[in-house]
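Morning, everyone. Please put the structure up on the screen.

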Amino acid sequence: MTELEKTESELSQPASPKTIYLREYKKPDYRLDSVELRFELHETRTRVYSHLAFTRMPEAETSAPLKLDGSQLELLSLKLNGETLAADRYMLDDEQLLIQNLPKNFELEIETEINPQANTSLEGLYLSSGMFCTQCEAEGFRRITYFPDRPDVMSRYSVTVVADKQKYPVLLSNGNRQQAGELDDGRHWVKWQDPSLKPSYLFALVAGDLACQEDSFTTMSGRAVSLQLFTEAENIHKCDHALMSLKQAMKWDEDTYGREYDLDIYMIVAVNDFNMGAMENKGLNVFNASCVLASPETATDQDYYRIQSIIAHEYFHNWSGNRVTCRDWFQLSLKEGFTVFRDQEFSADLNSRAVQRIDDVNVLRAHQFAEDAGPMAHPVRPDHYLEISNFYTVTVYNKGAEVVRMLCNILGREGFRKGTDLYFSRHDGQAVTTDDFVKAMEDANDIELSQFRNWYSQAGTPELSVSESYDAVAQNYSLRIQQHCPPTPGQSQKKPFHIPLAMGLIGRSGKPLQLTLANTKNSETKTEHMLALTREEQHWQFSGVEEKPVLSLGRGFTAPVKMLLPHDNEALAFLFAHDTDEFNRWDAGQKLALKMMLKLIDDYSAGKDLQLDPVFTDAYRSTLNNESLDKALVAQALSLPSESYLADQCEIVNVDAIHGVRKFVRQQLAEALANDWLRVYEENNINIAYRFNAQDMAQRSLKNLCLSYLLELDNDEHRQRCLSQFQKSDNMTDVLAALSIFSQHDMAERQQVLDAFYDKWQHDRQVVEKWFSIQAASPLPGALRRVQALMQHPAFSIKNPNLARSLIGRFCAANPVNFHLSDGSGYRFLAEQVLVLDELNPQIAARLLQSLSRWRRFDAARQILMREQLERISEHKGLSKDVYEIASRSLEG
């Protein structure tokens, strides 16, 4: 069958979900030499005129047809080299335009019409709060015009935007503004030229009545770059932090990676309706408003921190994603994993490195490890998919970042910088693969990393079994580690990984010991060694160890693995008190809490009385009262493992036991340390103007943690403290902390503060999202009924992704005791909302559905109830590829 015959056959077949495989990748047959676009904007009838110049690639067959992607478009005109194309020269279906009998060089003129107002999926060109906006990653550009919508087709774009001047005075696109003018009919136009090569997924257009806050940045070579942030006029006072974060990111990238910005202007637009957090479109970033707008009275410390990180993330994409992009979507982690690592390091340098690392690992353990253990498990570089939108996952992003971090740990900071310099210079303006990234690291450092590539191709979380022995006479310490990776869908057998592990030994005094690795040439004596675990089992011996030590392994979390350590409660408590690695110190406390709480869960399930181990209480008291520690680290150390993370450690999830035990432990700690919680709260409850810095954030986080423990006690004075904080605080961090605490308890003040909060902030979208989210996560009985009632609230719209996530998503993912009610009502509720959302916004529907994906981990009765809803969804007629893939894989897994 010839290529054309095969394609005609495919076009004639009925549409059905088709699996895309990495092994089937084929280079494009045509090079796209230039792109000229003209948009005549209208709410329901936008006209798009495209002028595309192509050249057939030398290796392509002369008979190769041109395949252009297109979805939900009305084709009005099609011309080849200036002449209207006859109907027998092309084929058209719901997903593709196929043109045959083409010369080596040719130009296409295509005119399409689209309806932005009806575009509720928020992919392509759509309307958001009276503003035109685009979202083209991964495959949204095909909803704008017929186009080779794939990341390895890169070109230079010239874009003219035409719109009603009164309604849409601001017209933006990628690159630099070239010309502007007015038409006789009340419309105006602006022409933008992007000098950079880019794929279609980086195209952006925004048109609206927007206010602009401006700033500037001078690059390391002395060029002035104009910085502009666009938003609705009422939010213009919330832009300062984002612009400051942008300048910090630009300076950090110059200092750390030698990367300078290349355009004359850098624009950011805040959008209310957006599926993602933000989008790195070249020179014109589009941001979810919740990820860019902040003021002390409306945004929390966590919001400020997140905005700083996301602003940096999107800016860093200018090099790690835009200047060097992905060859295909299987390589998504090439840009996302690398850029997440970059933004994590940026945040660590500007704030607390230990707290940043703890935050990174908490996300990994709570979400990515769970993904690796479920039916949606996939490698950092997937090898197949039905819908690429389903693979914007914690595996691709966060585990991908850990893979890059491991390269940095193996090569060292200097070697890693040499590798990135080579990568950027070698591949600037290209669409490449993860193999190309690793190859640059190899070539720059004269090192062989073939085994390391297993991290990109194999799914699953490696599990390490650790044993140790100490010979007091010979003063030798021996360490033995075995690695094993459990089977995952489609991968029953795994090759050994190359795992870097930082380790140290702590002496009885709490000081790190000097270590010499035995039987190794030129072994350096130092307190920390970076071990390389490359075989299924390895053994190391250290000489000159004068006392029996306590092992500190995986310091700084140098690899995304699970470790079974030979530590009892006393050893964990010792490390919790003395480990000099701040991450491992925190981790020892988490392991101690986990070990103790899992035993209590077993006791609860067996109907036994619960008793808290005094070793644990004493360890918490010691940490709370240790004034030498970073307060942010103390707050992290005294936060118990979440219910979802506890569930992941259980063979069969007992929802009620997990919730009951965690509540019991919090109450026991509240009572045992009541005076300490109160003293530390008062010491940190200082009335000063809000500042976003590491010291003040640490103080607030510790203060609010203490307040949360105090409210576990039935005490009027503590309730008044919480109410006073809610009423008198001048910053959202403290107000929201008090509101959240009240929402967890069945007390008279609860509804009072919820009503007062809404009355005050009902006109601020981002704050109202927080109000919904807090109520959705409340573990009090009747939560589902309250969530259903809130869906009828005038401030709620299921069409808005932020609101859907804040209410529906939050309830299903962060309120396990109510979502997993034994009558299955939570599962039925989620299925109903998924089916509604699938008609409106399949991306959001698919993400919400993942709350049902690990149904096999629950008791038999709940398994039946969850499976029923997955089957109900999978059998629904007209289901999107997004939702079908999640439902079918969950049932198969």
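Look at helix H7. Its buried residues pack against helix H4 (332–350), helix H6 (394–427) and helix H8 (454–457). Buried means under 20% relative accessible area, with a 1.4 Å probe and protein chains only. Helices here are DSSP runs of H or I, at least four residues, and strands are runs of E, at least two, numbered from the N terminus.

This is a predicted model: local features need pLDDT of at least 70, side-chain atom pairs count only at pLDDT 80 or more, and totals for chains, interfaces and linings use all residues. Residues are numbered from 1 along each chain as its sequence is written, and side-chain values use heavy atoms, without hydrogens and water.

Which residues of H7 are buried? Thr434, Phe437, Val438, Ala440, Met441, Glu442 and Ala444. Now its length. H7 covers residues 434–445, so its 12 residues at 1.5 Å each should span 16 Å. That rule is 1.5 Å times one less than the number of residues. The end C-alpha atoms are 17 Å apart, which agrees. Just after H7, Asp446 takes a positive phi of about 50°.

Now the whole chain. There are 27 helices and 32 strands. Buried residues make up 60% of the 893 residues. The C-alpha atoms fill a box of roughly 90 × 70 × 60 Å along the principal axes.

One more number. Among contacts (heavy atoms within 4.5 Å) with a separation of 6 or more, 71% join residues 24 or more positions apart. Thanks.

Terms used
Buried means under 20% relative accessible area, exposed over 50%, partly exposed in between (1.4 Å probe, protein chains only).
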